[in-house]
Amino acid sequence: MSTLRDTSETPHKASLMDRIPVTPQFALPGLFNGRRLAVLAFTSALLPTLYTLMNTLWATPDQEHGPIILLLVLWLFWRKRGALAALPDRTVGLGWVAVAGFALCYGLGRSQGIYFLETGSFILLVAGWLLLEKGWASLRLMWFPLFFMLYLLPLPGPVVDAITSGLKESVSHVAEAVLYWAGYPIARNGVVLNIGQYQLLVADACSGLNSMFSLSALGFLFVHITQPPHWWQRVIIILALLPIAFVANVVRVMALVLLTYYRGDAAGQGFMHTAAGLTVFVVALVLVGILGEILMRLGRHSPKRSLQ
């Protein structure tokens with residue numbers, strides 16, 4: 001047996017389809033989709049900024065940590081790429097405001113040579129792109145990499161001058177007091193230390209501002225990665241970073257003073273002067289390690305209560 005097919009309606013349907021107007025779908029070519037445009041805008045803006053920074057600020061001893069911070073920022077974003085990709089696509093209109101803020105800050109900073117604005121504008125660009133692609137959840141996921149980008153910003157000159165002046169005075173005062181207490185023939189006039197026949201000026205580079213800046217970045221990164229079990233451990237470590245950096249810098253200045261006192265001015269200004277800079281981080285890391293060990297021992301006897 002065979003079933004006879006009624007094909008009488010097929011031509012009718014075909015005729016209806018022929019009469020339905022077909023609206024052409026508008027689609028951007030693959031090269032011009034939103035994500036590629038964002039990457040293109042980011043790259044075209046970032047490369048001139050990187051070239052400028054590499055030949056100006058990052059070439060100075062005060063800002064030579066910039067490339068390291070940039071690599072850490074890229075790594076922080078990279079390590080969460082899987083979690084970001086797993087988020088559902090969602091567009092938040094505020095992202096366009098952030099992108100517009102980027103264009104304004106970048107244009108103003110680039111044209112006027114204001115590195116703080118030019119570099120900071122990329123935080124707005126990345127935040128805006130996240131909002132447009134993945135919504136608020138992506139900002140919550142990437143809050144620390146965005147926060148860490150703040151360490152890429154060069155501090156404005158007036159702020160540096162105000163902080164440096166006070167730090168130099170404090171470092172000189174403490175170094176003089178400790179060495180005088182230890183019996184050395186030392187006196188101080190402002191930020192000038194006199195010991196024996198030598199006179200040493202505590203320069204801006206010896207103020208400890210750069211070491212405080214770098215050490216605080218490493219401290220935040222350490223706390224974020226290791227995630228100490230108790231919230232108070234994280235708070236104490238973060239709050240202790242700046243005092244530890246200050247103490248480490250005092251040790252550095254005292255080492256240079258004693259080096260000059262025993263080995264002469266040439267020794268204090270040569271290779272050993274540069275090597276003494278490493279003592280800041282060595283002493284700071286040792287102090288952070290001691291503090292972390294103490295906090296871990298105290299934490300074993302405390303109930304866990306996390307901030308998250």
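Just after helix H10, glutamine 227 takes a positive phi of about 50°. Helices (H or I, at least four residues) and strands (E, at least two) are DSSP runs, numbered from the N terminus. The model is predicted: local features need pLDDT of at least 70, side-chain atom pairs count only at pLDDT 80 or more, and totals for chains, interfaces and linings use all residues. Residues are numbered from 1 along each chain as its sequence is written, and side-chain values use heavy atoms, with hydrogens and water left out.

Helix H10 itself covers residues 209-226. The expected span of a helix is 1.5 Å times one less than its number of residues; for the 18 residues of H10 this gives 26 Å, which agrees with the 26 Å between its end C-alpha atoms. Among the buried residues of H10 are Leu209, Met212, Phe213, Leu215, Leu221 and Val223. Here buried means under 20% relative accessible area, exposed over 50%, and partly exposed in between (1.4 Å probe, protein chains only).

Strand S2 (residues 192-195) pairs with strand S3 (residues 198-201) in the antiparallel sense over 4 bridges; two strands pair if DSSP finds at least two bridges between them. Isoleucine 195 stands opposite tyrosine 198 in S3. The hairpin has 2 residues between its strands, and glycine 196 in the turn has a positive phi of about 60°.

The whole structure contains 12 aromatic pairs. Rings of Phe, Tyr and Trp (its six-membered ring) pair if their centres lie within 6.5 Å; planes under 30 degrees apart count as stacked, over 60 as edge-to-face and the rest as tilted. Two of the pairs are set out below.

| Aromatic pair | Centre to centre | Angle between planes | Class |
|---|---|---|---|
| Tyrosine 106 and phenylalanine 122 | 5.8 Å | 85° | edge-to-face |
| Phenylalanine 148 and tyrosine 151 | 5.4 Å | 50° | tilted |

Tyrosine 106 lies in helix H5 (residues 94-112) and phenylalanine 122 in helix H6 (residues 115-134), so their pair ties together parts that are 16 residues apart in sequence. Tyrosine 106 is buried at a relative accessible area of 14%, and phenylalanine 122 is buried at 4%. Phenylalanine 148 and tyrosine 151 are buried as well.

For the chain as a whole, the secondary structure comes to 13 helices and 3 strands. Buried residues make up 37% of its 308 residues.
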